[in-house]
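Please study the structure before reading each solution.

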Amino acid sequence: MYYTGRFMALIEIKELTKVYGFGDATTVALDEVSLNVEKGEFIAVMGPSGSGKTTLMNIIGMLDRPTHGEYKLGSKHVSRMGRIRQARRRRDSIGFIFQSFNLLPKLTILENVALPLAYKGMPHKKRMKAAGHALEQVGLTDKEYNLSTQLSGGQLQRAAIARALVNDPSIIIADEPTGNLDSVSARVVMELLSDIHRVGNTVLMVTHNPSLTRYADRIIYMLDGSIVYDEATAVGEVSDRVQKAVDSLRESSDDDRLADVSAMMETMPEKVTPPQKRKSQGKSARPKRSKKSRKRKRQTK
Amino acid sequence: MIFEYFKMATASIRSARFRSALTMFGIIIGVSSVMTIVGLGEGVKQQVATQVSEISDSLLVVRPGKRAAPKPFSLDSIRFFNSATGSLSEKDWRDIEGVEGVESAVPIGVLSGVASYDGTEYSNGNIVASVAPLPELLNQPIEYGEFFAKNHGNRRVAVIGRGVAEDLFKENVPIGKSLEIRGKKYVVQGVFEQQKSGSFSVFNVNNSIIIPYDSVGPEDGTVQISQIYVEADFAEGLPVLSESIRQSLKTNHAGQEDFTILEREEALEVTNGVFYQLTVFTAGVAFISFIVGGIGIMNIMFATVSERKREIGIRKAIGATNVQILGQFVMESIVLSSFGAFIGVVVSYIANGVIRVTTDLQPVTTIEVIAIVCGLSIATGVVSGFLPAAKAARKDPIESLRSQN
């Protein structure tokens, strides 16, 4: 067991690397990232598009596998698990909240929230009750039997939070949860996440909005696949330092402190890859963990 | 979990009703046609079996032509008796009558010609020259009048089927009226009962005109003996009797055995055999629509899987294993095919009902056929759903979540 301070490290990540594509199209999405997350933390993960935030979240959420490196979740080596065990682990320990809500349109809100429990094999009555309870927590009891098309964005995101909570997961991963919401709904959703954090849940939130860091008690800033800034802040503090750090990092990134970024990225005018380009690379060069890409990685080092 | 898959499947099928209905169409056609055809075959088989139990078990049938070794599913076995005619003569019949142990021998002599009454011709009937006790041997009762006696001689009389009475004479009991064959008048003295379907008789009594064998003179054209029914004195002696008839006929035919002697069951076997092969063949053709239906399902499942990428991504993200995704989509395919099968069974019941009402065939649907058809359609669902479902299960969750649909 590995302890830091009072808490047992919930997530231990050591030198995690993720490489997409082969040959000349190789992209290093994560470059030997190490990170410990303790139970009860609310971490805001920031960084420009293409900095590897989402890749890191996907690996922590076991939707993706690292090219190499170590990922322990609750002292278990998750990255070495088979796909089925990973899926079960994901079901039991991870609650996802997406920018675009991702509720199934054909199911009612209640059925959507109960779905993770269905995959667990919980009987129908029991899981509907649990889902009803989760919806109560997010204040959507009156929308139980509505379809997702009948709800506003803010309500949808609250339903998605209820779905993430219904399994009592050890981590809640929110990938830009307010990205598609107006400011009022965004505030409601953030307060909700804050409440969830206060009762002892661990929250990992990706965001572009520095003002949202006030809800977090730790801020991680990522750039080009590395964590370049990691600091604890007081909850409720609107962090000017974060804003400054964001600006300064953007400016200073030209001097190439991160020597092991791939050669292709160096030729670009900005370190920050445009989002579309980055996406399409990741998509087209899908085969991961191939020997070739590993080899490529070693060469770039 | 299987029930969960079922619920998911029905939900997504319900949300695309029209498409699902179209998809099921192939299976519906396959199931209903297989069931109707097999039902018809089964029905005829049962009707014939009923008929055979009613007729005498001391009956032999002599048919022209040598019975070939049964070669299943070849054209030969279907046209066997149809092509071989003419090898039996009047002498053969008279000789059989003389064989010891023969109670009576009745020839079915087919006469070419057209009967007419009052200027109208009856062209779609048979003219059969025969003797008593034909009705008893065919188990075909007379409704009005009577059949001509054995020692009737050559007086020109006729016993007609129901169809002839209705179509030629336009009345139910035209007894006493006379019809004309080749310029000679025959007085109607009897009308048969409506012939039951699947009758033992090889010809359709309903549209036949039976005239005494001896009334046909040389000027009336040749009588082709298509078969001779032989009634034995006692049933136990049939094999022996059959052998003595064979010897007698062989002498007539210069040692050639160009005829076949069948016992009651064997005679039916031939009729049944032909029908059975037709049934199997048609059912085989109908089974192809299962394959077509299966391909239709597979096609639509592939389309569904690529249309529902995002759903797959979401399900995976909230903890569905690959096996669970596979199960969901295979179940969807099974539900499609088995619901199609259910509708197909209903359709075939309706079709059978229509056949019962409109024709004199009695299709029979057996539990076995339903079981086989349902099993087959579920198998079709599994087979055609597996590849698309495996594709769905293999989908990368991140990529799927990123997709627009």
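The exercises below refer to this predicted model.

**Exercise 1.** Determine how many residues of chain B are in contact with chain A, and describe the area buried between the two chains.

*Solution.* Step 1: 27 residues of chain B are in contact with 27 residues of chain A. Step 2: the area buried between chain B and chain A is about 2,400 Å², and carbon and sulfur atoms give 61% of it. Step 3: Ile318(B), Ile398(B) and Arg402(B) supply 25% of the area that chain B buries against chain A, more than any other three residues.

**Exercise 2.** State the number of salt bridges between chain B and chain A, and describe them.

*Solution.* Step 1: the count between chain B and chain A is two salt bridges. Step 2: one pair is Lys106(A) with Glu311(B), whose closest N and O atoms are 3.9 Å apart. Step 3: Arg127(A) also forms a salt bridge with Glu4(B), the closest N and O atoms being 2.7 Å apart. This pair crosses from helix H4 (residues 124-137) of chain A to helix H1 of chain B. Both Arg127(A) and Glu4(B) are buried. Step 4: Lys106(A) and Glu311(B) also belong to a network of salt bridges with Arg308(B), Arg315(B) and Glu332(B).

**Exercise 3.** Glu143(B) forms a salt bridge with Arg162(B). Classify each partner as buried, partly exposed or exposed.

*Solution.* Step 1: the closest N and O atoms of Glu143(B) and Arg162(B) are 2.7 Å apart. Step 2: Glu143(B) lies in strand E6 (residues 142-145) and Arg162(B) in helix H6 (residues 162-167) of chain B, 19 residues apart. Step 3: buried means under 20% relative accessible area, exposed over 50%, and partly exposed in between. Step 4: Glu143(B) has 37% relative accessibility, so this residue counts as partly exposed. Step 5: Arg162(B) has a relative accessible area of 7% and is therefore buried.

**Exercise 4.** Apply the cut-offs to the salt bridge between Lys185(B) and Glu180(B).

*Solution.* Step 1: the side chains meet at 3.8 Å, N to O. Step 2: Lys185(B), at 52% relative accessibility, counts as exposed. Step 3: Glu180(B), with a relative accessible area of 31%, is partly exposed.

**Exercise 5.** Identify which residues touch the most other members of the largest nonpolar core.

*Solution.* Step 1: this core has 70 residues. Step 2: Ile11(A), Leu56(A), Ile60(A), Tyr71(A), Leu73(A), Ile171(A) and Leu204(A) touch the most other members. Step 3: H10(B) gives the largest share of this core, nine residues. Step 4: a second, separate core has 58 residues, including Val106(B) and Phe203(B).

Technical notes
Residues are numbered from 1 along each chain as its sequence is written. Chains are lettered from A and ligands numbered from 1 in the order in which they are written. This is a predicted model: local features need pLDDT of at least 70, side-chain atom pairs count only at pLDDT 80 or more; totals for chains, interfaces and linings use all residues. Side-chain values use heavy atoms; hydrogens and water are left out. Contact means heavy atoms within 4.5 Å. Buried area is the accessible area (1.4 Å probe) that two parts lose on being put together, summed over both. A salt bridge is a side-chain nitrogen of Lys or Arg within 4 Å of a carboxyl oxygen of Asp or Glu. A nonpolar core is a set of buried Ala, Val, Leu, Ile, Met, Phe, Trp, Tyr and Cys residues joined through side-chain atoms within 4.5 Å. Buried means under 20% relative accessible area, exposed over 50%, partly exposed in between (1.4 Å probe, protein chains only). Helices (H or I, at least four residues) and strands (E, at least two) are DSSP runs, numbered from the N terminus.
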